[in-house]
Amino acid sequence: MTSRPIADPSIAARAGIDVGGTFTDFVLVLPDRVLHHKEPSTPGDPTVAVARGLAAIAARAGIAPGEFGAIAHGTTIGLNTIIQRRGARLALAVTEGYRDILEIGRSRMPSSFDLHAAKEEPLVPREAVVELPARLRPDGTAARIPSDAELAAAAAGIDADAVAVVVLHAHTDPGFEAGVAARLAELLPGTEVAASATVWPEVREYERTLVTCMNAYIQPLMHAYFARLEQRLAELGITAPVTITGSNGGALSVRAAGDRPLETVLSGPASGVTAAAALAAEAGIARLVTFDMGGTSSDISVAVAGVPEITTSTTIGGLPLVLPVVAVDAIGAGGGSVVRVDDQGLLKVGPDSAGADPGPAAYGRGGTRPTVTDCYLRTGLLSPTGFLGGRMTLDAAAADRVLTEVGAGLGLDGLATAAAALRIATAGMAVELRKVLVQRGFDPAEFTLVPFGGAGPTHAAALAEEVGITEIVVPPAAATFCAQGAATADLRRDFARSLRRPLDEAGIARLREIVADLEQQARTWLAEQGVATGEPRLTVSADLSYHGQAFELRVPLDVLTVDAVSAALHTEHERLYGFRDPQTPIRVGTARLTVVGPLVTALPRATSGGVAARPETAVPAATRPAFLGGQWVSARILHRAGLRAGDRFDGPAIVEQEDTTVVVPGGWTVTVDEFGNLRVRR
């Protein structure tokens, strides 16, 4: 893996890539225009689709591969590796007495109401866990220092590709644990040895152990993928530097991603939310819900005042992840989700997906199971000849046949099965979306829905009607929105260090020391990325709590004094819970710092609802029968490339573009704004 510097990425051709289960999306940002492209994914080797798509979009732009200025790439390979348990052989070296740390976890059942629910299998089998006579006290002083003989005995019991080293209370003195790991690495030549506090120096041994193990678990596979990716790019003649989008909505160099691949596991969904937040700021949207409906699943995220929500309490493959990530919730099926009848004779949608190969039956690639995409086609929402701009013809007869076969046992024909399946998918999504908003104290009617992904704009109005959202904003290239977020992502990384001190003069002094150290780490990291950036932006926050509370609040901090930090906690606590407690002592849990290195300027402003400056002509509107609201209606067909700012029309209508289809039911009105967005209002 190499990192090639670029002089000024803001004025060169910058490509964004998002590898999905069904399609791989591409966005090419040029100084005067933005181009978009979708390429069928190649699950056996995702770099094949990446290479094909880059060659295609370069040809479309009329540039040589060597003219790419930068490549930004999002991938779910690490996520899939953890979910499917196909990672490296791991060993865990942990403080004596903590051999069962992964099995015990937080002593919680997977489901309080399901007595048959099984816990997730640990990434490290118990026989691959060894104990070390190494331990720190809570104040950071050494309680037990292992001898060379003791370390040699521990090393003799290790047979693995990678080893995670976890010392109790290592966050108080990361150097102690790093020293133990270095000595162990000398005894295990050729084996990757990682110290937990070096990976993520935050309190809570179980979560820190998991972070270290997950990072080591996917590292060999990610190294191999990045090597293949750079080889493919070199074969195309692309010499531009490559950045990998991260789970926090930013980007990092290939070298940094190889060292810490866990930071990339949710890169695709995070990139889409980043692009939506930029759209909200440009279009004046105060509160938005993103709706990313791809081929396999549908995800949502909430952003208020243009700021995506960041969380450290997500799960990956059933395992908790404490790294900061854009808060994304899975809420339902995707375009490739399979429609089926379960053992109780009920019609269900998902969670199985037909993927890219064979895909939906309508793809004509041998698929025999009906999917949501087949339902769209059978109900007239999709055109058999307009899919992917006409590059792919859909088989309507095959879609009807498999839907009829599934619905036969329920007394339903193909149309009734398709309509019922779409209602089921919508209802399931609506339940989850309401739950996510209510848990945050939000009213759906106050939010704007921003759909993207190949199926998002097709399903958005049905979901909005079910939930009670009255405005939808569809960006010009919604189906490649995650790739657009990647193409415009700044370098970003989050740093943390737990201190667990009372908020007094001694505690605030320690907080200042840690923040200064984190700032130095951040600036060093930014300089090592090999990519030119603007002036870095640094933001500081801390996890704070009143003494005795079992939870902490993450509070942004501008001034590091006792009074200022206290006031910040009181204000946030009162905002969330309606009261403050100024008489109770405050504790500082973890200091956090985020660094952002600005990479690119804003996208060129679109002059129409289609792709900016694309040489296409408007096609006269036609009509097509569409099954909406339980009946056939005559829907007006419009082409996105022919729409201009200020255009207005009412539903029922269907807006077709190369990468997606926007469905507008009756009772909704569409206006094209100055940025090319479709503002769909009830």
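Student: How many bridges join strand 29 to strand 30, and in which direction do the two run?

Tutor: Strands of a sheet pair through backbone hydrogen bonds, either parallel or antiparallel. Here, 7 bridges join strand 29 to strand 30 (residues 631-639), and the two run antiparallel. Strands are DSSP runs (E, at least two residues), numbered from the N terminus. Two of them pair if DSSP finds at least two bridges between them. This is a predicted model: local features need pLDDT of at least 70, side-chain atom pairs count only at pLDDT 80 or more, and totals for chains, interfaces and linings use all residues. Residues are numbered from 1 along each chain as its sequence is written, and side-chain values use heavy atoms, leaving out hydrogens and water.

Student: Which residue of strand 30 stands opposite Arg624?

Tutor: Ala635 does.

Student: What is the strand order of the open sheet?

Tutor: The order is 29-30-32-33, which gives 4 strands with mixed pairing. Strand 29 (622-628) and strand 33 (661-664) stand at the edges. Each has a single partner strand, so one side of each is left without a neighbour in the sheet.

Student: What is the mean pLDDT of the protein chain?

Tutor: pLDDT is the predictor's confidence in each residue, from 0 to 100. The chain's mean is 88, and 94% of its residues reach 70 or more.

Student: Where is pLDDT below 50, or under 50?

Tutor: Residues 1-11 fall below 50, and this stretch has 34 contacts (heavy atoms within 4.5 Å) beyond near neighbours in sequence. Residues 606-620 also stay under 50, with 27 contacts beyond four places in sequence. Where pLDDT is low, the predicted coordinates should not be read in detail.
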